[in-house]
Amino acid sequence: MLGGAGAAVAGGTLSLTLGAAPASAAPSGGPALPSVNQIPHRVRLVDYEITELAALLRAGRTSSVEITQAYLGRISKFNGPFEVYGDNGAYNAFVRVDTAGALAAARAADQRISNWRRHGGDLSPLCGIPMGIKDSVGIKGLNAQDGSAAFTGNKALQDATVVARLRAAGVVLLGNTICSAFSGSITGTFAGNAWSPSHVPGGSSQGSGVAPIARLAAACIGEETGGSIIMPSAANGASGIKPSLGTVSIAGLMPLSPGYDVLGPISRSARDSALILSTILGPDAVNDPQTLSAPLPFPAIPSSPRPGRTPLQGLTIGIPQTDWMNVGGTIKTGVSPQDTYGAEHLKAFNRLVGQLKSLGAQVKEFPGLDMTDPAQNPYFASADVLATVDGSPVSPSAAVVNANRYEVRFVAAVADFCASGIPTADAVATLTGQYGRRAPGEMAASFASADRFNGGIPASVRYEGEQRRRRLIANYTKSLEDAGVDFMLVLALGDVIGQRSGGAGFPVYRAYYQVPNALGWPMVSFPVGYTSGLPISAQFWGPRFAEPALVQSMVDYQAHFPEYHTAAPPDPVFGTLTPKIAPRALAPAVEDPTNDPILGEEAIRRALS
């Protein structure tokens, strides 16, 4: 159907001739879409960006069913077996797919678009677009297993708020993308990297980072507690947005650390992720009161580049010089981050700085905040013990994280699941070991001990932890204000990532990658080059609720330098990846670096010692 009469579509490959067409109408209050004659020719249907597909759908040049079938065809060919928490021999980006549900949703989307053509009205730009959802986020009727077969049988009784908003917009939900075990590891090994399946994909939202770039989905939803949207975006060369705390509801998420957890989009382009964020943000007063802290109405998320040759004129972008890197397990304090980058990463970084300057931005080095200094960082860097609860010391960050976990029944919910009779004895043992505390062979006692610790933190101690967190936020904010910096530029990964089997996942990475989550600040990631067949990605991040400025700058950059985000990996030939990684059906196997803020704090202390 795409391309008019006689257009051939097979296996996601198409022949497309775009003639003149009127500009696509924007839904009421929604973003303008490109006119059909402005859309560049792409060989495969799956290579079109969401904004382009939205315009083509409205013009009748393709259908949601056609797009969905193209993605399902590639999943069938390149994903490999489902329900395998390990190396399944292929990409393993999706842990489960709802083919019948996806095709039904695509047919319904086509009907909505047809009705819109005849009668007008509101129509989301995401209507008819196929997406994947992280395994820790509820899709009604599907399992939600948070990266482990130990949660087999944990079925979502209703859609998460984010999923409900996407479904209401007409998004085609393909299924669940695989994540690290219990959302714990930010290197990831279950999926294969989109550019080289023998390399790590980044985690914990690893499937959500792989699928859009490998052309298994138009976009995905990821979840981050400490690096789990940014790292898979960076490792796969995706355009991801980690929103501020409170921008997007997390209701329906299997939590890791409430007060840190956020949900956000991962796609191929900044403008696509912007459209998704615009759709899922907003208050959810009943289910997630954190969203009441966001501006109302939330400032518009831009999805179109600004005109002119210097759209970044007036912006000051800072490169923090105390944003220490972890190199081979040691934090390199006192050394400029750029001095730790691999040769090709440094070359790409310097090129990016020049590109940003050519777009009108002022880019400068500035001190930033030294996270190793307790005076500047009383939340993570302090060795203070605020209390001893049930025989264990409570650090400032533990006072916040564990009290928050108690408040949402973090451990009690897992204990209820274990007592339900659904999981096997092996699964119960795994979950007890992961979420319990002490007496690993005695489920009830182990969970009771964990609940006793989390719930035993005195209110005064939790208050002190929160006050220290606020002082950290104030100190970081002041470091930007003193230098006149609008937001920051960093590389989350400073050198070529490692092999999935037997290699160092991230040889060089930001030591304090969890800081944006502790601050509640937003961060975006986008590709800026390639080396050794793998992407090099950069990140912007800055003050809370600065999403519009970060996203606009990313959109502007990609409009002038599209060669990085439009690049596509070659289709892999599977069956040659050796050695295979044994499926981890039940084992927690949480690796360093971890997404968990408490474990991350311990890892940083080890790396500094």
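Colleague: Hi! Which side chain does the side chain of Glu223 make a polar contact with?

Modeller: Hello! In this predicted model, the side chain of Glu223 makes a polar contact with the side chain of Thr225, at 2.8 Å.

Colleague: Nice. And where is the place of Glu223?

Modeller: Glu223 is found in strand E6.

Colleague: Is Glu223 buried or exposed?

Modeller: Glu223 counts as buried, because its relative accessibility is 1% and the cut-off for buried is under 20%.

Colleague: What does Glu223 touch, then?

Modeller: Leaving out residues up to four places away in sequence, Glu223 touches a list of residues that includes Lys134, Ser136, Ser183, Leu253, Asp261 and Asn595.

Colleague: What other strand does E4 have bridges to?

Modeller: Five bridges join E4 to strand E5, residues 172-177, and these two run parallel. If you want a place to look, find Ile133, which stands opposite Asn176 in E5.

Colleague: How many residues of E4 are buried?

Modeller: Five of the five residues in E4, which spans 130-134, are buried, and the strand is described as mostly covered.

Colleague: What unit do E4, helix H4 and E5 make?

Modeller: Together they make a right-handed β-α-β unit, with H4 covering residues 161-168.

Colleague: How many bridges join E10 to E16?

Modeller: Three bridges join E10, residues 325-327, to E16. Within that pair, Val327 stands opposite Val508.

Colleague: Let's switch to helices. Why is H1 described as largely enclosed?

Modeller: H1 runs over residues 50-58, and nine of its nine residues are buried, so the helix is largely enclosed by the rest of the structure. Among the buried residues are Ile50, Glu52, Leu53 and Arg58.

Colleague: What covers those buried residues of H1?

Modeller: The cover includes helices H2 (64-78), H3 (99-119) and H7 (270-280), along with E6, the strand we began with. After H1 comes Gly60, which has a positive phi near 75°.

Colleague: And Thr432, where is its place?

Modeller: Thr432 is in helix H11, residues 425-435. Thr432 is buried, with a relative accessible area of 2%. Other buried residues of H11 include Ala427, Val428 and Tyr435, and what covers the buried residues of this helix includes H10 and helix H12 (443-455).

Colleague: How far is the C-alpha atom of Thr432 from that of Gly368?

Modeller: Those two C-alpha atoms are separated by 41 Å, and the residues are 64 apart along the chain.

Colleague: One more residue: is Glu601 buried or exposed?

Modeller: Glu601 is buried, with a relative accessible area of 7%. Glu601 lies in helix H16, residues 597-608, and its side chain makes a polar contact with the side chain of Ser397 at 2.2 Å. Not counting residues up to four places away in sequence, Glu601 touches Phe380, Ser395 and Ser397.

Colleague: How many cavities does a search of the whole structure find?

Modeller: The search finds five cavities of 30 Å³ or more. The largest cavity has a volume of about 80 Å³, and the elements giving two or more residues to its lining are helix H6 (230-236) and strand E18 (534-541). The largest share of that lining, four residues, comes from E18.

Colleague: Thanks, that helps me find my way around!

Terms used:
Residues are numbered from 1 along each chain as its sequence is written. This is a predicted model: local features need pLDDT of at least 70, side-chain atom pairs count only at pLDDT 80 or more; totals for chains, interfaces and linings use all residues. Side-chain values use heavy atoms; hydrogens and water are left out. Buried means under 20% relative accessible area, exposed over 50%, partly exposed in between (1.4 Å probe, protein chains only). Two strands pair if DSSP finds at least two bridges between them. A crossover is right-handed if, with the strands pointing away from the viewer, the path from the first strand over the helix to the second runs clockwise. A polar contact is a pair of N or O atoms within 3.5 Å; within protein, one must be able to donate a hydrogen and the other to accept it, and residues adjacent in sequence count only if both atoms are side-chain atoms. Contact means heavy atoms within 4.5 Å. On a 1 Å grid over the protein atoms alone, a cavity is a set of points where a 1.4 Å probe fits but cannot get out, and a pocket is an open set with protein on both sides within 12 Å along at least five of seven lines; lining residues have an atom within 4 Å of a point. Grid points are joined across faces, edges and corners, and a volume is the space filled by probe spheres set on the points.
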